[in-house]
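Let us walk through this structure together, one region at a time. Keep the viewer open as you read, and pick out each residue as it comes up.

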Amino acid sequence: MGHTKHNPIVRALFNDDDVVLGAVKDLRSNGYHVSEVYSPFPIHGLDEAMGLKRTRLSTAAFFYGLTGLFFASWLTYYTMTLDWPQNIGGKPNAYWFLNMPSFIPVMFELTVFFAAHLMCWSYFAVNKLYPGAKAQNPDPRTTDDHFLMEVELEGEEADLTKKLQELGALEISKVEA
Amino acid sequence: MFEFKTKTKQLAIALTVVGAILWVVGFALNGSSSHDAGHGHDAHATEVHADAGHDTHAEEAHADHGHDAHAEEAHDDHGHEAHAEEAHADHGHDAHAEEAHGDHDAHAEHAAHQIANRPWSALYVAAFFFLGLGLGQLFFLGIQYVAQAGWSAGLLRLMEAQSFAIVVPLIVIALITFLGFGHVHHMFHWMVEGINVPGHENYDAIIAGKRGFLNPLFFTIRILIYIGGWIWAAKVLRKNSLLSDTGDGVAMWKKNRGVAAAFTVFYAVTSSTSAWDLVMSIDTHWFSTLFGWYTFAGMFVSSFAALILLTLYLKGQGHLEWVNENHLHDLGKFMFAFSVFWTYLWFSQFVLIWYANIPEEVTYYMQRFEQYKVPFFTMLVLNFILPVLAVLSRPAKRVPGTVVMAAVFVLVGHYMDHYVMIMPGTVGDHYGFGLVELGPILFFAGLYIYVVLSSVAKAPLLHKNHPMLTESKNFHQ
């Protein structure tokens, strides 16, 4: 997605994940830029082979979780200590902290809730997935048993086509940018 | 093949010897030096008697009278003036000879027992902690076979070596408990004479009700079953693993899987019952239904910390070239996961008891909050917050530095955890960290290093005919 360069794209279809992985490594070592690979399932090691940056979703998740923790602390403080002090098991409840152990389940759950939900939404937003979004998949067969690779064309088209055929591509097509 | 160098061997032996000497010296000085033993609240210590059947309203005031441990008591439960009663707490075993007559003597005797218990309890804490380092890995070794794990094939020899470290702590633990039957110490209140005899001055109806389980004969049989079963598993798993080096790797692996499956079932039961017997029975009145898993979780996570340190030590010596950051990552994940699991069980146990607020249950935590505040809360930070923050992120689990840091937190924290499990029920507020505590740690650490490294040195570090060795070598994530 999001091709910033204006080079034409060459699409190559494969039917084996190991072959795709090998092809990506080969192309990149020959100076080509593999902009995208469509696959029916995650291919172990593909992100590394494509040179993708590590996701920042986990860092975001940490802060989402922290937000949930603080929200739960405030919620329990307001509802259980400030607005209507609760007597839980006869334990001291003058300050939020004194009754904090009984709020830990709430704090834990809201931490998980915030982290999980906000992670999902972040993931959708970053990948431009929303109700009614048009499918970006160029070939429906990649949702079944085929793998499609998009390579930016640099140099002669014939060279790249030959190379892709050597690497085991079944179909090759060119898309003008 | 790893060579256990003479220098390292000498260091391990020196640790053992120094530790033993420190403990013996501490034992001799105990009682006479109980005032400078490190607890700074001699003046007005509130005692919470969780299990002694004494008056829980009594406040004990320990006065400094030179070098004898005088216990002075003030009773205010009947509203009249305080009775002052003095008892000489001789450090030896003869304190028991003082027959208890009435509440005051009973209290003084109780305090004397607690002081006399301290060296034994300290030895017991260290033995139990180091037992966990071996036992956790013995169970983990079994799990590798049962789960048909491939990633760990290159680490099995280290787990086997660690498993043998259970022998010495087990013997020490068994001896200490058996000495309790001879009233050499008073760590286990249920071992007191006449505890189940109605009309006897030591009679305790609640403990008498548990006599079917907590009686000397059955207890001894159980201890022997644990020792026999665990050591048998460690020996057989090791034997078959060594046989596979010269023979058929697949056949030996299958044999070990059968052994491991049997051991896992055996350990599922004995991990809980041993925790009841060896630790929970100290606070005899108190019980917790998840205590076995809680104890197991603590042992398991600290054994991962030990495995990580051992792996990195051997890598630092230029061995284990097939172990890389991917394996370290998995070990780090296990340590992280079980550190969280331990906290989960700790909290589950605490929050239900704390808010259910049943007197005989909640005293367990009252005593820890009041007398053991510092170790109790420090160990929570060390066992949960610090390791979680240190190895939460993926890159942190792949760098030796952060993983080692987390492992050290876990080891220190779980020593303190065992301390807080065992000490309150045996020594009350007469605790501290002195020679008697330091000695056993050095003693068992030296033995642990000696036993583990010498078994590592006895066999090739690579389990070369393991059917899944290739998977382990190619493992990455």
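Is Lys128(A) buried or exposed? Lys128(A) is exposed, because 11 other C-beta atoms lie within 10 Å, and a residue with 12 or fewer counts as exposed. Before going further, please keep in mind that this is a predicted model. Along chain A, you will find Lys128(A) in the loop between α4 (100-126) and β3 (147-152). Its backbone deserves a look as well: the phi of Lys128(A) is near 50 degrees, a positive value in a residue other than glycine. Most residues other than glycine have a negative phi.

His183(B) is not a glycine, yet its phi is positive, at about 60 degrees. You can find His183(B) in the loop between α4 (167-181) and α5 (205-209) of chain B. With 14 other C-beta atoms within 10 Å, His183(B) is partly exposed.

Now step back to look at chain A as a whole. The chain is divided into domain 1, made of 9-40 + 144-175, and domain 2, which covers 57-126. Between the C-alpha centres of domain 1 and domain 2 of chain A there are 48 Å.

How do the two chains meet? Eight residues of chain B are in contact with eight residues of chain A. On the chain B side, the residues that touch chain A are six nonpolar and two polar, with no charged residues.

Chain B itself holds 15 helices and two strands. Of its 477 residues, 48% count as buried. Looking at contacts in chain B with a separation of 6 or more, 76% of them join residues 24 or more positions apart.

The largest nonpolar core has 118 residues, and the ones touching the most other members are Tyr124(B), Ala127(B) and Met335(B). Helix α2 (residues 102-146) of chain B supplies the largest share of this core, with 18 residues. Apart from this core lies another, of 21 residues, including Phe14(A), Val34(A), Leu160(A) and Ala169(A).

Which residues surround Met335(B), leaving aside neighbours within four places in sequence? Met335(B) is in contact with Val301(B), Phe304(B), Ala305(B) and Ile308(B), and also with Pro387(B), Ala406(B), Ala407(B) and Val410(B).

Next, turn to a pair of helices in chain B. Helix α7 (residues 249-278) and helix α8 (residues 291-316) of chain B pack at an angle of about 100 degrees, and their axes are 8 Å apart. That angle makes α7(B) roughly perpendicular to α8(B). From α7(B), the contact is made by Ser271(B), Ser272(B), Ala275(B) and Trp276(B), while α8(B) brings Phe291(B), Gly292(B), Thr295(B) and Phe296(B). Sorted by class, the residues where α7(B) meets α8(B) are four nonpolar and four polar, with no charged ones.

Gln317(B) is exposed, since 12 other C-beta atoms lie within 10 Å. In sequence, Gln317(B) and Ile385(B) are 68 residues apart, and in space they are 31 Å apart, C-alpha to C-alpha.

For a contrasting loop residue, go to Ile166(B), in the loop between α3 (156-163) and α4 of chain B. Ile166(B) is buried, because 26 other C-beta atoms lie within 10 Å, and 20 or more is enough for that label. Beyond neighbours within four places in sequence, Ile166(B) is in contact with Leu131(B), Gly134(B), Leu135(B) and Leu138(B), as well as Trp230(B), Ile231(B) and Ala234(B).

Leu389(B) is found in helix α11 (residues 373-390), and with 13 other C-beta atoms within 10 Å it is partly exposed. The C-alpha atoms of Leu389(B) and Val452(B) are separated by 30 Å, and the two residues are 63 residues apart along the chain. Arg394(B) lies in helix α12 (residues 394-397), and it counts as partly exposed with 13 C-beta neighbours inside 10 Å.

Key:
Residues are numbered from 1 along each chain as its sequence is written. Chains are lettered from A and ligands numbered from 1 in the order in which they are written. This is a predicted model: local features need pLDDT of at least 70, side-chain atom pairs count only at pLDDT 80 or more; totals for chains, interfaces and linings use all residues. Two residues are in contact if their C-beta atoms, placed from the backbone, lie within 7 Å. Ala, Val, Leu, Ile, Met, Phe, Trp, Tyr, Cys and Pro count as nonpolar, Asp, Glu, Lys and Arg as charged, and the others, Gly among them, as polar. A nonpolar core is a set of buried Ala, Val, Leu, Ile, Met, Phe, Trp, Tyr and Cys residues joined through C-beta atoms within 7 Å. Helices (H or I, at least four residues) and strands (E, at least two) are DSSP runs, numbered from the N terminus. Axes are lines fitted to C-alpha atoms, for helices over the stretch in contact, and angles run from 0 to 180 degrees between N-to-C directions. Angles under 35 degrees count as roughly parallel, over 145 as roughly antiparallel, 65 to 115 as roughly perpendicular and the rest as oblique. Domain bounds come from an automatic or database domain assignment.
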